[in-house]
Amino acid sequence: MRKNLLFLYFLLFSFYGISQDVFFNEVNYNVPSGSGETQFFEIAGPSGTDLTEWEVIVYDETSMQTASYSLSGTIPANGGAGGCNGIVVVDGAVLNVIPGSGMALINELAQVEQYITFDQPTTAPSGTCLLYTSDAADE
């Protein structure tokens with residue numbers, strides 16, 4: 001009986017979690033030359049989340065901003081992975097692929113939701129991610 005209650009508790013908070021966040025679900029940055037594929041990233045989170053005024057900032061290996069992508073609309077109910085309810089794909093993004101380069105997800109209050117870099121963690125010396133240390137994503 002106790003195992004059943006723990007399982008139900010887990011299911012309840014997996015699908016209706018107390019604090020589901022918006023996050024990078026997938027980043028396709030290492031595209032083979034001539035493959036016809038494009039770089040892209042996916043933003044995932046609870047369906048219905050308003051992404052108005054959210055943005056993704058792309059950084060080079062020196063933590064200098066090289067691009068930004070404004071997000072808008074709401075996250076659809078399309079059955080995403082990892083306990084989230086929806087996924088938004090930004091196809092054709094131009095991402096840096098040098099170790100230490102990366103990207104940050106910034107919410108509508110200009111707060112860092114997630115900061116990831118490729119192959120090695122980095123502490124941002126300036127800008128929106130000032131003094132944030134990134135999570136390193138491996139290939």
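Colleague: Which residues is Thr 49 in contact with, leaving aside its neighbours within four places in sequence?

Modeller: Contact means heavy atoms within 4.5 Å. On that basis, Thr 49 is in contact with Val 22, Gly 73, Thr 74 and Ile 75. This is a predicted model, in which local features need pLDDT of at least 70 and side-chain atom pairs count only at pLDDT 80 or more, while totals for chains, interfaces and linings use all residues. Residues are numbered from 1 along each chain as its sequence is written, and side-chain values use heavy atoms, with hydrogens and water left out.

Colleague: Where does Thr 49 lie, and what does its side chain reach?

Modeller: Thr 49 lies in the loop between S2 and S3; strands are DSSP runs of E, at least two residues, numbered from the N terminus. The Thr 49 side chain reaches the backbone oxygen of Pro 46 at 2.7 Å.

Colleague: Which residues have a positive phi although they are not glycine?

Modeller: Glu 53 is one of them, with phi of about 75°. Glu 53 is also in the loop between S2 and S3. Ala 110, with a positive phi of about 65°, lies in the loop between S6 and S7.

Colleague: Are Glu 53 and Ala 110 buried or exposed?

Modeller: Buried means under 20% relative accessible area, exposed over 50%, partly exposed in between (1.4 Å probe, protein chains only). Glu 53 is exposed at 61%, and Ala 110 is exposed at 56%.

Colleague: In what order do the strands of the open sheet run?

Modeller: Strands of a sheet pair through backbone hydrogen bonds, either parallel or antiparallel. Here two strands pair if DSSP finds at least two bridges between them. The five strands follow the order S4-S3-S6-S7-S8, with mixed pairing. Strand S4 (65-70) and strand S8 (135-137) are the edges, each pairing on one side only. S7 (residues 112-118) and S8 pair in the parallel sense over three bridges; Ile 116 has Asp 135 in S8 as its bridge partner.

Colleague: Which residues touch the most other members of the largest nonpolar core?

Modeller: In soluble globular proteins, nonpolar side chains tend to be buried together. A nonpolar core is a set of buried Ala, Val, Leu, Ile, Met, Phe, Trp, Tyr and Cys residues joined through side-chain atoms within 4.5 Å. The largest one has 21 residues, and Phe 41, Ile 43 and Val 56 touch the most other members. S2 (40-45), S3 (55-59), S4, S5 (86-91), S6 (102-106) and S7 each supply at least two of its residues. Another core, of eight residues, lies apart from it and includes Tyr 59, Ile 106, Tyr 115 and Ala 124.

Note on methods
Helices (H or I, at least four residues) and strands (E, at least two) are DSSP runs, numbered from the N terminus. A polar contact is a pair of N or O atoms within 3.5 Å; within protein, one must be able to donate a hydrogen and the other to accept it, and residues adjacent in sequence count only if both atoms are side-chain atoms.
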